[in-house]
Amino acid sequence: MLVIAIAKGRFLKPSLDLLGRAGVRFDEDVASSRKLICDSEDLAFRAILVKPVDIPTYVEYGAADIGIVGRDVLAESRADLLQPLDLGFGHCRIAVAAPKGFRNADETDHPTIRVATKYPSITLEYFNARGIPVEIIPLSGSIELAPLIGLADRIVDLVETGETLKENGMEIVDVIAESAAHLVINRASYQTKRSEIVGMVESLEALV
Amino acid sequence: MNSHTQIPPGTQILIGNAARRRRAVEAKVFSVFEGWSYEEIIPPMFDYFDVFIKGMGSDLEGRIYRFIDREGNVLALRPEFTSLLAKMAATRLSDYPRPVRLSYSGEVLRFEAPKGGQQREFAQIGIEQYGGSPTTSDVEVLLVCMESFEKLGIPDFQINLGSVDFFGGIFDRIDLPVGEVDELKEALNFKNQTGLERILDRLPFDEHRKKVLRSIPHLTGGPEVLVKARNLVRNDRSRQAIDHLEEIYSIFDGLGLAEHLTIDLGEIRGFDYYSGILFRAYVPGLGFEVANGGRYDGLPAQFGRDTPAVGFSFSLDRLEQIVDEGLGTGEDESRAALATSSFEEARRFRSQGQKVKLCW
């Protein structure tokens, strides 16, 4: 049996659709059920529903063999996972944004710029590579609020359309990376359940 | 003030069954090592910092616990055994008849996040062999690893076998800035086909080279993988690596053990010191590797004597999670004795060689 970790939230429906097209169907409506574990009728697959940020952990520890997770979450987790495929949905950008008109000013204003984010590792790596000292202000939501009330000079956040930034008087300064849903695999499972997993990767590859 | 009732993060204490299991697993693995004539060596807990840097490379530098002695030398608590033993093989044991077969068991320390039951201080048990001929010593080391699994009652294990020379031969001929090479290697390491495709799109490689690189993540499976790989690469180093793996595979096929081997030419992880085969062992139900090893011919020369070397180690902390739970948890064989005559009786039992525990 292959255990698949699926993210609750905005990835849930497209993940299930894609798996369905690859022949992985669960016997009940996973999306509307409150169950956290669902098996496929032939017991070849088991879905576990977890918070997106927890997917790399479940898969790295082998509690799930494979998972579907955003590149943003994957990069932030630093988990050592096989990551064969971009699944072609959930596209967005991890970007540095600042209040309009402050694109360049803040680096000279403050010796250490303050950056609010839910991606401390990605943020630190980005600014370290540029030699810019930063103070990370870790937040878990409504990141755009931080510069508005003087908590931070900049933010590093996921940007889908840019609407939220615009409405809050901010603009993108730089794009750190593109993000999309990605297939990830536990390294041990890849060896011990190889034929099942390779079959799965091939059928998904044909679809994306 | 902190009373430090807790032990530091990354350390652990083994008590009762956990301690008994550690020693029982260790004894079983050692019995296999001894059966293959590997001699135990007990190296120091710390050595000069640069001893470890020579082999492990800068990648692990930040994860080494280091300190400074009174003369100002930088020392390091051992983060692994291979460098320590290679140094001994090249120096104190340089006159020993070859091949030299050594085994070890003990704690190593690395400043990294605890994972899969392995803390910052964790236990390794393993072997190293110096001066043997390439194929026979590679096969011997793999066989000792397999026999250890059998001895521990773990019939279901998978060893993935690759070669540094296979992708080395491909990368030797790639002339790119270091950053680009690292990016390429990262995509291959993660078998990230989408990411690899994006990198190849912008690199000025000819179609043949792109085809080779694109195939690497898929070069995993049975002996057919080697056939596929041979048709793909043209350079000598990669081709010799394929010949070598084929030779090893056919020996295990003859031994009836080939089912435990997976060829994985896309496996490019490993310390800088590896130079030929490299392998990792997995067991169903555990998300992390339980053993890894390989050939590192260049390492002993760093300490003054060039000698071929190959070895592997088990993570004891992880082995303990997959062995039968009963192992090492035998009945308490202490004999009870009543208070009045207890000392005398205790002495009598002891003289008969029995273990005694006085119960009051």
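User: What percentage of the residues in chain B is buried?

Analyst: A residue is called buried if 20 or more other C-beta atoms, placed from the backbone, lie within 10 Å of its own, exposed if 12 or fewer do, and partly exposed in between. This is a predicted model, in which local features need pLDDT of at least 70 and side-chain atom pairs count only at pLDDT 80 or more, while totals for chains, interfaces and linings use all residues. Residues are numbered from 1 along each chain as its sequence is written, with chains lettered from A and ligands numbered from 1 in the order in which they are written. Of the 360 residues in chain B, the buried share is 38%.

User: How many helices and strands does chain B have?

Analyst: Helices (H or I, at least four residues) and strands (E, at least two) are DSSP runs, numbered from the N terminus. The C-alpha atoms of chain B fill a box of roughly 90 × 55 × 45 Å along the principal axes. Counted in this way, the secondary structure of chain B comes to 13 helices and twelve strands.

User: Which residues of helix 6 of chain B are buried, and why do they line one face?

Analyst: In general, an α-helix has 3.6 residues a turn, so residues three or four places apart point the same way. Seen down the axis of helix 6 of chain B, the buried residues fall within an arc of 100° (taken from the directions from the helix axis to the C-beta atoms), so they line one face. The face turned away from them carries the exposed residues Val178(B), Gly179(B) and Asp182(B), and what covers the buried side includes helix 7 (193-202) of chain B. The buried residues of helix 6 of chain B are Leu184(B), Ala187(B) and Leu188(B).

User: How many bridges join strand 4 of chain A to strand 11 of chain A?

Analyst: Two strands pair if DSSP finds at least two bridges between them. Strand 5 of chain A meets this with three antiparallel bridges to strand 11 of chain A, where Leu82(A) has Ile185(A) as its bridge partner. Strand 4 of chain A (residues 66-70) also runs antiparallel to strand 11 of chain A, and Val69(A) stands opposite His182(A). The number of bridges joining strand 4 to strand 11 of chain A is five.

User: Which element of chain A gives the most to the side that touches chain B?

Analyst: Two residues are in contact if their C-beta atoms, placed from the backbone, lie within 7 Å, and by that rule 13 residues of chain A are in contact with 16 residues of chain B. The elements giving two or more residues to this side of chain A are strand 5 (82-86) and helix 8 (187-192). With five residues, the element that gives the most is strand 5 of chain A.
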